[in-house]
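Visitor: Hi, I'm new to this one. Could you walk me through it?

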Amino acid sequence: IEAAKQLHKKSNKTLFLCRLKSNYQLTLNKGSIEDIITELVQKYARNKKNITFKFDQSSSSFIMIDASIISTSLSYIIDNAIKHSNENDEIKLKIETTDSYVTVLIIDNGSGFSDNNKGIIFDEFNNPDISHHSQGLGISLAIARRVATLHGGSLTIKDNSPRGAIFKFQISNNI
């Protein structure tokens, strides 16, 4: 039964990526990135690695977004941060807003990424971590990047010194 659930989950991710790549039409409604992150922090608060989350929520600002796929994308990035973090670590979530963009930073203290892997981590079906590859298809971050792009933004990664990664999920501040 577990294998069937995993196959179903992987199939759904693959189909979702295909839909995103073929003229996907966003369902835009006024939404709050802060509210989405608050829900995700609550969802992931009880995790097997006892990882805590630090999210300094400011007042909610509303922009036009497809909230369900933004939430899915951010959950994939948080999942990734949890997988690559150590027990009892802390993951920080921060929102930065400018006139042009709303940026969500997901900051972990995990193993980080080599320079070679930074170039391919967002490629579809290309997961450089073989042990992790057995758990997934390597498309979650490709989906997250596609969603950011559809919202007029981007998804990038950089080092979190001295260790870990900082994912920068940026979307257009369209209001």
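This is a predicted model: local features need pLDDT of at least 70, side-chain atom pairs count only at pLDDT 80 or more; totals for chains, interfaces and linings use all residues.

Visitor: What about E4 and strand E2, parallel or antiparallel?

Guide: Strand E2 (residues 52-55) pairs with E4 in the parallel sense, over 4 bridges. Threonine 52, for example, has glutamate 90 in E4 as its bridge partner.

Visitor: Switching topic: how far apart are the end C-alpha atoms of helix H1?

Guide: They are 29 Å apart. H1 covers residues 2-21, and at 1.5 Å a residue its 20 residues should span 28 Å, so the model agrees with that.

Visitor: Which residues of H1 are buried?

Guide: Lys13, Phe16, Leu17 and Leu20 are buried in H1. They lie on the same side of H1, because they cover an arc of only 100 degrees around the axis.

Visitor: Why do residues three or four places apart point the same way?

Guide: An α-helix has 3.6 residues a turn, so residues with that spacing point the same way.

Visitor: What do the buried residues of H1 pack against?

Guide: Their neighbours are helix H3 (67-83) and helix H6 (140-150).

Visitor: And which exposed residues are on the face turned away from the buried side?

Guide: That face of H1 carries Ala3, Ala4, Leu7, His8 and Leu15, which are exposed.

Visitor: What follows H1?

Guide: Asparagine 23 comes after H1, and its phi is positive, near 55 degrees.

Visitor: New topic. How many salt bridges does a search of the whole structure find?

Guide: The search finds 1. In that salt bridge, the side chains of arginine 163 and aspartate 89 meet at 3.7 Å, N to O. The pair links distant parts of the chain, 74 residues apart. Arginine 163 is in the loop between strand E6 (154-159) and strand E7 (165-172), while aspartate 89 is in the loop between H3 and strand E4 (90-97).

Visitor: Is aspartate 89 buried or exposed?

Guide: Aspartate 89 is buried, because its relative accessible area is 10% and buried means under 20%. Arginine 163 counts as partly exposed, at 38% relative accessibility.

Technical notes
Residues are numbered from 1 along each chain as its sequence is written. Side-chain values use heavy atoms; hydrogens and water are left out. Helices (H or I, at least four residues) and strands (E, at least two) are DSSP runs, numbered from the N terminus. The expected span of a helix is 1.5 Å times one less than its number of residues. Buried means under 20% relative accessible area, exposed over 50%, partly exposed in between (1.4 Å probe, protein chains only). The arc is that of the directions from the helix axis to the C-beta atoms. Contact means heavy atoms within 4.5 Å. A salt bridge is a side-chain nitrogen of Lys or Arg within 4 Å of a carboxyl oxygen of Asp or Glu. Two strands pair if DSSP finds at least two bridges between them.
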